[in-house]
Amino acid sequence: MTDYTAVITGASKGIGADLAQRLLERGYKVISIARHDPEFTHENLTSVRCDLLHADAVAQTAAKIAAEHEVTHLIHNAGLIWPNLLEEAKPEDLLGLTQIHLGSALTLIQAFLPAMKARGFGRVVFNGSRAALGVPTRTAYSATKAGMIGMARTWALELAPHGITVNVVAPGPVRTDNFWGIIEKDSEHEAALAARIPVGRLGEVRDISNAFLFFCDPENGFATGQTLYVCGGASIGTLQL
């Protein structure tokens with residue numbers, strides 16, 4: 001058995017759920033923070049319901065977890081897209097997505113840092129996006145995902161002396177509920193998008209959780225401040241969704 005406790009935001013489905021199950025298989029304790037409970041159970045899985053759009057709720061959740069658990073891993077996977085063209089973009093979109101993508105992560109890590117520093121070990125991994133490089137209809141989403149990269153690099157510099165690494169996994173189009181909320185499942189649009197990706201297919205959940213496992217691994221302490229694009233080559237050029 002390992003002695004690691006991973007907090008995963010958005011672990012109730014998709015990438016977060018797959019990563020949670022894979023860490024549980026490796027002997028980790030996993031704490032899911034999401035609006036809904038995961039559809040699976042495990043003796044080492046704890047589910048905490050919280051809407052990360054609400055700063056006060058996040059602060060209460062973070063304090064409670066920190067008081068009851070020695071968190072070693074924070075995987076900030078939860079996110080929203082809210083797509084719209086520039087003409088329809090609103091400042092409120094920026095505020096909301098800044099809270100869920102950046103503000104909630106800040107509140108959580110501040111609560112968990114004392115235990116990580118005392119242990120001399122920690123792993124922080126963000127779920128970023130290839131959209132940080134720019135995608136039409138993603139004003140607020142691209143802005144906050146790009147901000148995530150800058151924030152992670154800053155944290156990596158500050159926390160490196162304490163044995164804490166901070167990295168970003170930046171997926172391209174992945175077949176999840178979030179993706180199908182924008183692109184109709186099994187549609188011509190989906191097939192055309194897959195054909196434009198250099199490797200000729202869309203990403204699967206397992207493609208992304210593989211990258212998360214690399215950065216979560218206690219033996220990988222020399223990679224920090226990095227952004228790994230897991231996008232089938234889409235980050236090399238433009239991608240029209």
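Start by selecting Arg119, which is partly exposed at 29% relative accessibility. Before you go further, keep in mind that the whole model is predicted.

**Stop 1**

How open to the outside is Asp3, buried or exposed? At 54% relative accessibility, Asp3 counts as exposed.

**Stop 2: two helices**

Next, select Asp18 and Arg206. Their side chains form a salt bridge too, and here the N to O distance is 2.9 Å. Asp18 is in helix α1 (residues 14–25) and Arg206 is in helix α7 (residues 205–216), so the contact ties together parts 188 residues apart in sequence. Check the surface around each partner as you turn the model. Asp18 is buried, with a relative accessible area of 14%, whereas Arg206 is partly exposed at 43%.

**Stop 3: a loop and a strand**

Select Asp37 and Arg49 for another salt bridge, whose closest N and O atoms are 3.1 Å apart. Asp37 lies in the loop between β2 (29–34) and β3 (45–49), and Arg49 lies in strand β3; the two residues are 12 apart. Asp37 is partly exposed, with a relative accessible area of 37%, and Arg49 is exposed at 57%.

**Stop 4: back to a network**

Salt bridges that share partners join Asp3, Glu70 and Arg119 into one network. How many salt bridges does the structure hold? The count is 7, and the pair Asp18 and Arg206 is one of them.

**Stop 5: the cysteines**

Finally, show the cysteine sulfurs. A disulfide is a covalent bond between the sulfur atoms of two cysteines. How many disulfides are there? The count comes to 0. A disulfide would need the two sulfur atoms within 2.5 Å. Cys231 is buried, with a relative accessible area of 8%.

Notes:
Residues are numbered from 1 along each chain as its sequence is written. This is a predicted model: local features need pLDDT of at least 70, side-chain atom pairs count only at pLDDT 80 or more; totals for chains, interfaces and linings use all residues. Side-chain values use heavy atoms; hydrogens and water are left out. Buried means under 20% relative accessible area, exposed over 50%, partly exposed in between (1.4 Å probe, protein chains only). A salt bridge is a side-chain nitrogen of Lys or Arg within 4 Å of a carboxyl oxygen of Asp or Glu. Helices (H or I, at least four residues) and strands (E, at least two) are DSSP runs, numbered from the N terminus.
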